[in-house]
2 protein chains.
Amino acid sequence: MATLIDGRTVAKEVNKNTAERVKRLANEGIVPGLAVILVGDDPASKIYTRMKDKKAKKLGIHSVLSTYPEDIRQDELLHDIRRFNADENINGILIQEPLPKHLDGDKLLNAIDPGKDVDGFHPFNVGCLYNNVNVNYPVSCTPRGIMTLLKHYRVKLDGARALVIGRSILVGKPMAALLENANATVTVANSHTQNLTELTKQADILIVAAGVKHLITGEMVKQGAVVIDVGMHRLADKTLTGDVDFDSVAPVAKMITPVPGGVGPMTIASLMEQTVDLTEWSHNG
Amino acid sequence: MATLIDGRTVAKEVNKNTAERVKRLANEGIVPGLAVILVGDDPASKIYTRMKDKKAKKLGIHSVLSTYPEDIRQDELLHDIRRFNADENINGILIQEPLPKHLDGDKLLNAIDPGKDVDGFHPFNVGCLYNNVNVNYPVSCTPRGIMTLLKHYRVKLDGARALVIGRSILVGKPMAALLENANATVTVANSHTQNLTELTKQADILIVAAGVKHLITGEMVKQGAVVIDVGMHRLADKTLTGDVDFDSVAPVAKMITPVPGGVGPMTIASLMEQTVDLTEWSHNG
């Protein structure tokens with residue numbers, strides 16, 4: 001039976017370390033600042049942004065939750081993004097997705113100062129990740145959190161065959177880049193992929209971010225694989241489950257993340273960590 | 001026996017089209033301008049930059065070959081890059097690699113206006129490629145040229161298994177991104193990859209940019225694969241050869257690029273094409 005990758009415990013450790021760094025900065029008179037931009041009334045977005053705001057405050061981070069009506073104009077948002085760019089008390093800015101359709105998300109994202117792009121989605125930072133440049137830059141928080149888990153559980157990446165299922169900007173693509181930068185041999189599968197099982201059967205590390213409930217079952221997984229489940233689905237009985245059929249995969253895998261309690265807690269912990277990173281980087285030039 | 005992918009003929013077509021576009025721009029009083037920055041006396045770099053300069057002029061592009069001594073200072077180069085950024089007569093700027101070690105190539109690259117980054121190496125443009133954004137941006141010219149070849153020979157990319165061997169910023173990484181954006185399932189192999197043959201045997205499209213002479217032999221290739229050879233090595237008898245052992249692979253492949261005459265001619269043709277793209281994009285806002 002696979003070892004359970006305990007995201008809750010690792011996230012707690014990350015948060016503890018973040019809180020200590022915040023304290024050290026406070027001794028220098030510096031308070032990291034996070035600005036979260038929320039447009040409209042999407043219930044899930046409201047929950048996520050409130051969680052971020054609450055966690056930031058708990059860790060001693062100055063948190064600004066900036067909310068806008070559904071019909072906010074592009075130029076008004078741009079104005080506020082520029083205001084946050086110029087605000088010395090703000091070190092990280094993020095725009096909560098999804099945005100209403102009348103807004104140009106790419107243009108808003110590009111308007112964020114790359115040095116304050118706490119989600120790591122700005123093309124400049126994405127380019128730094130793919131070019132694997134030798135300077136500091138933020139990266140998308142979910143794959144960052146997964147890398148922390150893999151490191152914590154001492155998963156060997158160098159020379160490993162990794163399969164990332166899904167190619168979103170949030171998870172799949174930056175995940176593939178981080179694994180490749182760690183010298184893994186990475187395949188990215190997508191909804192057009194033929195014969196997915198041929199690929200999953202070869203993967204030493206399987207990252208599933210397909211958004212398809214129980215896409216991966218035990219007979220698809222290589223014996224001894226490390227399985228990371230980024231999916232999150234609510235069943236009829238209200239319990240949560242992932243893209244991986246845990247019950248059939250756990251007996252085959254060497255390590256596996258549960259849902260909930262695996263990847264989930266790492267995302268917000270990584271966001272907080274990265275807010276402090278950006279703060280330190282900006283003060284160290 | 002495999003169909004020969006004839007890069008020379010396709011490059012000629014591309015150049016013909018580029019020359020026509022240059023003529024159309026001339027009717028509007030616009031001359032595309034290319035600035036090539038060459039530092040030091042590397043013989044290969046001298047040849048490449050002269051080829052670019054000559055081809056640009058032949059196509060009616062305003063070409064500036066800006067040469068600097070080996071010991072040029074970083075700030076002097078930065079100054080000239082900024083001058084080219086501001087110069088309305090220059091639409092594309094490229095820095096010929098390799099640079100002397102005392103120079104910070106990343107900083108020089110980042111100083112280029114992304115809208116004039118004709119090599120497509122600037123992190124912002126790389127990020128646009130990976131984020132697959134729905135606006136115009138330049139991409140690295142060798143993978144761009146390979147995409148032109150694949151399109152010309154009507155190679156099906158959607159759902160195909162592609163293997164890219166090599167993960168350079170020039171070829172491997174942008175190649176993988178372009179194929180992924182075309183809905184292929186892409187694996188990137190590198191020098192740490194275990195059991196390369198397992199991967200090559202599964203590849204419908206095999207792009208070899210490893211820099212290792214005859215790394216790929218016939219028994220490694222899937223029957224009916226499309227094989228693209230980005231390598232270039234000079235044998236003792238002065239003839240050129242690639243990363244692919246042509247003689248053993250050609251009988252197995254469906255299509256194959258020769259070396260020379262395959263990928264090589266496409267790179268400069270794509271550079272010229274992209275110079276005109278940047279010119280048009282800048283004039284169309």
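The model is predicted, so local features need pLDDT of at least 70, side-chain atom pairs count only at pLDDT 80 or more, and totals for chains, interfaces and linings use all residues. Residues are numbered from 1 along each chain as its sequence is written, chains are lettered from A and ligands numbered from 1 in the order in which they are written, and side-chain values use heavy atoms, with hydrogens and water left out.

**Surface patches on chain A**

- Patches consist of residues with over 30% relative accessible area and no salt bridge, where like charges are joined within 9 Å and nonpolar side chains (Val, Leu, Ile, Met, Phe, Trp, Tyr) within 5 Å. Accessible areas come from the Shrake-Rupley method with a 1.4 Å probe, and for residues only the protein chains shown count as cover.
- For charges, Lys and Arg count as positive and Asp and Glu as negative, while His and the chain ends are not counted. Each charge is placed at NZ of Lys, CZ of Arg, CG of Asp or CD of Glu.
- Arg8(A), Lys12(A), Lys54(A) and Lys58(A) make up a positive patch. At least two of the patch residues come from each of helix 1 (7–27) and helix 2 (43–58) of chain A; helices (H or I, at least four residues) and strands (E, at least two) are DSSP runs numbered from the N terminus.
- Lys58(A) sits in helix 2 of chain A and is exposed, at 69% relative accessibility. Here buried means under 20% relative accessible area, exposed means over 50%, and partly exposed is in between (1.4 Å probe, protein chains only).
- A negative patch brings together Asp42(A), Glu70(A), Asp71(A) and Glu76(A). Asp42(A) is found in the loop between strand 2 (33–39) and helix 2 of chain A, and is partly exposed at 32% relative accessibility.
- Ile47(A), Tyr48(A) and Met51(A) form a nonpolar patch with about 310 Å² of accessible area together. Tyr48(A) belongs to helix 2 of chain A and is partly exposed at 44% relative accessibility.

**Helix 6 of chain B**

- This helix covers residues 141–152 and reaches 16 Å from its first C-alpha to its last, close to the 16 Å expected at 1.5 Å a residue. The expected span is 1.5 Å times one less than the number of residues.
- Nine of its 12 residues are buried, so helix 6 of chain B is largely enclosed by the rest of the structure. Among the buried residues are Cys141(B), Pro143(B), Arg144(B) and Leu150(B).

**Salt bridges**

- A salt bridge is a side-chain nitrogen of Lys or Arg within 4 Å of a carboxyl oxygen of Asp or Glu. By this rule there are 22 salt bridges over all chains.
- Asp80(A) and Arg83(A) form a salt bridge at 3.3 Å, N to O. They are three residues apart in helix 3 (residues 74–86) of chain A, about one helical turn. Asp80(A) is buried at 13% relative accessibility, whereas Arg83(A) is partly exposed at 42%.
- In chain B, Arg21(B) pairs with Asp277(B), with the closest N and O atoms 2.6 Å apart. Arg21(B) lies in helix 1 (residues 7–27) and Asp277(B) in helix 10 (residues 264–283), so the pair ties together parts that are 256 residues apart in sequence. Both Arg21(B) and Asp277(B) are buried.
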